[in-house]
Amino acid sequence: ENCSVPVSEIIAVEETEFNKKQRSIGRWQKMAKLHAFTVYYVKKARNHRWRCSKVTFWCVDEHLCNQWIQAVKELLEMQKSRPKQLLVYINPYGGKRQGKRIYEQKVAPLFSLASISTDVVITEHANHAKDNLFEVNIYKYDGVVCVGGDGMFSEVMHGLIGRMQKDSGIDQNNPKASLVQCNIRIGIIPAGSTDCICYSTVGISDPVTSALHIIVGDCQPLDVSSVHHSNTFLKYSVSLLGYGFYGDILKDSEKKRWMGPMRYDYSGFKTFLSHHYYEGTIAYQPAEHTHGSPRDKESCRTGCYICKKSEKHLAEQHKECGLKREEGEEEWKVIKGKFLAINAVNMSCACPRSPKGLSPAAHLADGSADLILVRKCSRFDFLRYLVRHTNQDDQFDFPFVDVYRVRCFQFTSKLSEDNESNVMDIGKKRFGQFCRDHPACCCNIVNSTWNCDGETLDSSAIEVRVHCQLVKLFARGIEENCKDEAAYSQSNTEQLL
């Protein structure tokens, strides 16, 4: 059997001992002693799934066998992007409480096979990983791995970014600060109730696949949005910033954690029926540096040329005129209205339920976010919009939906704009308005909540800025599907077997 494997996707090589049963197979049964070695490599299956496979080679010449083993090991040593030492954080409580079991049974054996040493920390409370990253010597590690859901990734990301800014003397409370990039890659082993970030950067939420991406040393830059209120840092976001519909879902679901993952379905249905809209003002700067648009149907894939061009363009602009001057020269566009939902996404936000995501053409590393505004409309029209997230129809093809590719934006609710008036008068004014719009529910909600990657923000008025490729993941983006899933690209790779 012929087998061709790029060196970059070989996991390990080991000397193999043959037992009597194996030696009796075929034409090798007359050999007195066999010498063999086994090569472990990545085997690609359907739907972006990776598995560890192996092939064994044998001969009667011990010296030749040892030469092959040494040659393969030397080639693997030349793969400088591969991690040797990792810091691993495991959330034992997230999702279905399977994080520890998934790591020990599916991931740790692969790390051991690839000769990767690990320091494992089982988190005991919220922000344990984040606080720990400010204390440990992170520079001795080649990467940080989080085992859990999107919340666990967010915690590790905040810890790494915060540590890098602290060590570099950068004030995170300054919304216009140029943040220092994190060169320590983050690996995600999905073990949560939602694994949107893993799904959007790998194409599948599978622990073994993610572990193999870490082992081979893949690297995928990722944009990060900083969120501020009145010159005070609030959060970082890599997937969804949602006000209105998605903010209300999160706020309601937080009260029903006892329901498990089902709470999102319940809260979503309840929020849909309430049909609240919110009034406010959006100001944004268009992402003029990007080479794509939210409606061009150019999905972000491995080696995305749009991300590469955008990165180069931003770097040239910053070098020529500086960040502060560039921001001052760009025009701000202002939109006022009544909105059912305001969503800003740095990635497609795809998941098994919504394979296209909230913005199918959003890019992982182009220095921009897609700002989606869903204006006040009928409940039936809003349902049509939501349904299109699950099929192949254009979800932006509605008169009440606008989408813009931006580099930064600000939002102020109508209540915040009227803050010079008496608070009680404002409350009465809004109460009367909303009751006329929704007499059945008698709602008196004047502000929604921002959903920031699955966590609520207290402030409705925020300022958001996208930082191009601020962090790096152990991933390679979503690979293009090909007819022959077992075929490997032969270009620009060393061929071994």
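**Two helix pairs in a predicted model**

Trainee: At what angle do helix H3 (residues 99–113) and helix H7 (residues 207–215) pack?

Mentor: In this predicted model, local features need pLDDT of at least 70 and side-chain atom pairs pLDDT 80 or more, while totals for chains, interfaces and linings use all residues. Residues are numbered from 1 along each chain as its sequence is written, and side-chain values use heavy atoms, without hydrogens or water. Helices are DSSP runs (H or I, at least four residues), numbered from the N terminus. The axes of H3 and H7, lines fitted to C-alpha atoms over the stretch in contact, lie 10 Å apart, and the packing angle (on a scale from 0 to 180 degrees between N-to-C directions) is about 30 degrees.

Trainee: How is helix H8 (residues 245–253) oriented to helix H9 (residues 262–274)?

Mentor: The axes of H8 and H9 are 8 Å apart, and these two helices pack at an angle of about 130 degrees. This angle is why the orientation of H8 to H9 is described as oblique.

Trainee: In which hand does H8 pass H9?

Mentor: H8 and H9 are the pair whose axes lie 8 Å apart. As H8 passes H9, the crossing is right-handed.

Note on methods. Parallel < 35°, antiparallel > 145°, perpendicular 65-115°, else oblique. Left-handed = near helix turned anticlockwise from the far one by under 90°.
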